[in-house]
Amino acid sequence: MKIAQLVREERKKRKWSQVTLAIKAGVGLRFIRELEKGKKTLRLDKVNQVLHFLGYETEAVKRDV
């Protein structure tokens, strides 16, 4: 599952607006909007901040190339 989809689903499951999630996670509304749209150039520290707030964490995984 993509991060954008995960964040959107977790937010909706909690019945929060994007504004509510932004306030609770300590990031801006614009950041939440861009994150949920799947923007490719977002600050990783802020992505991690939102994920951590929702109970998730990122991890490096080796993939076949």
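The model is predicted, so local features need pLDDT of at least 70 and side-chain atom pairs count only at pLDDT 80 or more, while totals for chains, interfaces and linings use all residues. Residues are numbered from 1 along each chain as its sequence is written, and side-chain values use heavy atoms, with hydrogens and water left out.

Helices here are DSSP runs (H or I, at least four residues), numbered from the N terminus. Axes are lines fitted to C-alpha atoms over the stretch in contact, and angles run from 0 to 180 degrees between N-to-C directions. Helix α1 (residues 3-13) and helix α4 (residues 44-53) have axes that come within 11 Å and cross at roughly 40°. The pair is therefore oblique, a term for whatever remains once angles under 35 degrees (roughly parallel), over 145 (roughly antiparallel) and 65 to 115 (roughly perpendicular) are set aside. The crossing of α1 with α4 is left-handed, that is, the near helix is turned anticlockwise from the far one by less than a right angle. In this contact (heavy atoms within 4.5 Å), I3, L6 and V7 of α1 meet V47, V50 and L51 of α4. The contact of α1 with α4 holds six nonpolar residues, with no polar and no charged ones. Ala, Val, Leu, Ile, Met, Phe, Trp, Tyr, Cys and Pro count as nonpolar, Asp, Glu, Lys and Arg as charged, and the others, Gly among them, as polar.

Next comes helix α3 (residues 29-37), which packs on α1 at an angle of about 120°, with the axes 6 Å apart. This makes α1 oblique to α3. I3, A4, V7, R8 and R11 of α1 join L35, E36 and K37 of α3 in the contact, which has four nonpolar, no polar and four charged residues.

The axes of α3 and α4 come within 11 Å and cross at roughly 85°, so these two helices are roughly perpendicular. Here F31, I32 and L35 from α3 touch K46, V47 and V50 from α4, giving five nonpolar, no polar and one charged residue.

Finally, the largest pocket contains about 270 Å³ of space. Its lining includes I3, A4, L35 and V47, and divides into six nonpolar, two polar and three charged residues.

Note on methods:
On a 1 Å grid over the protein atoms alone, a cavity is a set of points where a 1.4 Å probe fits but cannot get out, and a pocket is an open set with protein on both sides within 12 Å along at least five of seven lines; lining residues have an atom within 4 Å of a point. Grid points are joined across faces, edges and corners, and a volume is the space filled by probe spheres set on the points.
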